[in-house]
Amino acid sequence: MSTTEGGLTWTVYDADKLTQREIYGLVLTELGERHPEIVGLSADLAKSTKIGTFGERFPERFFNFGIAEQNLFGVAAGMAKAGLVPFVSTFSSFASMRACEFLRTDVCYQNLNVKVIATHGGTSFGSAGATHHSTEDLSIVRAFANLTVIVPADGIEAAKAVRACMEVPGPVYIRIGRGFEPRVYDSEDYPFEIGNAVEMCPGTDITVICCGPVVYHAVQAAKILREEQGVSVRVLNMHTIKPIDEAAILRAVADTRRIVTFEDHSVVGGLGTAVADVVAASGKGCAFEKAGIPDEFSMHGYPEDLMHHYKIDTDGILEKIGEVLGRDFEADEDWEDEV
Amino acid sequence: MPLRPEERTRLKQIALEIRQQIVEVTAWSGGAHIGGALSMADILTILYFNYLNIDPARPDWPDRDRFVLSKGHGGVGHAVTLAHRGYFPKEDLREFNATGSKLGMHLDSSKAAGVDVSTGSMGHGLSQAVGLALAARVLKKPWRTYCIVGDGESNEGSIWEAAMAAHHYKLANLTAFCDRNHMMIDGLTEDVMSLEPLAAKWTAFGWQVRSVNGHDFDELAGAIEFARANGDGPVMIIADTVKGKGVDFMENDPAWHYGGLGGELLAKARASLERMA
């Protein structure tokens with residue numbers, strides 16, 4: 001199975017063998033052929049973030065700034081001011097925290113066409129521990145005006161997001177994993193639009209809203225529940241955290257009256273909070289819970305072990321769905337008394 | 001090429017008018033970063049009226065020279081200079097700091113014509129200037145990028161990250177000035193956080209350094225001419241200046257980092273500048 005889009009050819013084999021970061025590097029290189037205004041920037045992580053692939057093809061358009069993330073984002077802003085489109089790659093913990101004010105004030109305040117590829121999102125750096133985990137980045141960057149925030153579910157979606165971000169006339173933050181995350185999509189043959197959630201599974205009993213590597217597990221959990229218990233779980237891949245797909249959330253409130261969010265990120269301020277804002281503002285009754293990394297610093301460990309520990313893998317999602325389905329909740333059709 | 005006598009006279013007159021206008025705007029706006037605006041007024045004057053390849057009628061002209069005020073709190077001095085250069089009517093300065101105004105303490109490039117880059121937070125401008133200079137190389141454009149860094153601002157680590165990068169990429173199209181007025185909010189730079197030996201620091205970071213009197217147009221011109229002819233890498237012009245230059249009771253008083261003017265004080269400031277003429 002393969003699809004072709006804009007001269008790019010991907011196969012499922014590729015997506016299985018390549019990490020999100022490798023796919024990002026390849027897509028950016030392809031985009032670079034058609035867009036001479038694209039430049040690649042990194043801070044001693046060209047190899048780790050795979051932007052080096054672009055640098056090998058376009059050495060005159062690739063710039064390494066050493067271990068200096070503040071300057072990295074300041075330079076990107078200056079280059080964008082002159083009409084270039086910088087793709088800036090570094091670990092998401094550094095993009096969102098070490099370079100925080102440079103991203104906010106130089107890039108977002110000036111609404112510049114800078115694309116941030118923030119790798120090693122969430123706890124995907126596993127054994128590196130909390131210094132290199134990025135469990136606050138969505139909370140931080142979501143607060144920046146002008147910034148679009150995307151968390152692709154797998155390598156195929158990362159490829160689509162990298163291409164789509166070229167159509168956004170302003171800054172975009174794309175958070176990807178370390179790699180090795182299981183593939184969610186069979187092909188690129190699905191509609192990906194920034195700001196529109198993808199319904200991975202239809203459902204009427206409860207809605208799971210998730211992003212990033214958690215999407216794979218949510219889909220697995222929904223299948224198990226449907227096949228073994230006849231529970232109808234709607235799974236929304238909320239790949240765009242900002243602007244959030246309010247319509248999809250409101251439909252979920254109306255259709256299922258129960259929502260759980262899952263993310264590889266702190267429960268403070270990320271996807272769950274973004275969804276909660278919409279649910280609360282709706283004025284409609286809805287059983288709602290946020291799941292993710294609790295309000296604590298994450299521990300060392302293998303990424304899959306950490307996802308299990310923090311209950312954002314298939315087992316954890318099954319457990320949480322069971323809890324929320326069991327919650328006493330007024331599920332009548334009368335909305336008037338709830339407003 | 002050395003300045004001709006009439007050029008020198010003209011620049012002195014413009015710088016005086018800019019200083020006078022800075023004093024008036026400080027009075028209108030209820031307060032401004034007047035000390036550091038007055039210290040760099042001669043650098044702004046020689047750049048905007050002698051060297052920058054710009055066209056105020058086309059502030060977005062792609063091939064223009066770029067200017068970045070890394071010490072963004074000097075916005076009042078930059079705004080006055082832009083108004084004098086014809087980017088917008090001097091009357092607009094009446095709205096400086098007013099609610100909803102396009103001109104405020106730290107200039108917003110999306111609102112104020114002629115402002116290439118928004119600055120304000122310390123240590124951001126030089127990196128953006130490096131980006132502009134690198135962009136000229138990628139785009140094969142002839143424009144030059146100029147940047148004024150504050151001496152107090154040079155405490156920021158990001159200034160030195162940018163310094164390393166400018167040298168690494170041999171950005172001969174980048175010229176920076178350090179407005180070395182020796183003062184910051186809490187006092188003398190050497191008391192708060194020593195910068196010296198400052199020239200040696202920049203030299204060690206790979207820049208070519210020229211140290212000049214920042215109020216002497218001939219010395220400034222000589223250093224800028226050197227930078228423009230230099231093809232090896234970035235040049236730092238350390239401009240020794242006097243904070244509050246031209247207003248005698250402000251000169252060398254850190255208290256005038258930021259302040260307001262009115263009544264008798266305003267009259268004294270005007271009189272002091274008259275004497276400068």
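Two residues are in contact if their C-beta atoms, placed from the backbone, lie within 7 Å. Keep that in mind for this tour of a predicted model, in which local features need pLDDT of at least 70, side-chain atom pairs count only at pLDDT 80 or more, and totals for chains, interfaces and linings use all residues. Residues are numbered from 1 along each chain as its sequence is written, while chains are lettered from A and ligands numbered from 1 in the order in which they are written.

**Stop 1: chain A.** Select 2–175 for domain 1, then 198–327 for domain 2. These bounds come from an automatic or database domain assignment. The C-alpha centres of the two domains of chain A are 26 Å apart.

**Stop 2: between the domains.** Here 24 residues of domain 1 of chain A are in contact with 26 residues of domain 2 of chain A. On the domain 1 side, show helix H8 (137–141), strand S7 (148–150) and helix H9 (155–165) of chain A, each giving at least two residues. Helices (H or I, at least four residues) and strands (E, at least two) are DSSP runs, numbered from the N terminus. S7(A) supplies the largest share of this side, 3 residues.

**Stop 3: chain B.** Display 10 helices and 7 strands in chain B. The C-alpha trace of chain B spans about 50 × 45 × 40 Å along its principal axes.

**Stop 4: where the chains meet.** 22 residues of chain B are in contact with 23 residues of chain A. Select helix H5 (125–138) and helix H6 (157–168) of chain B, the elements that give two or more residues to this side of chain B. H5(B) gives the most, with 9 residues.
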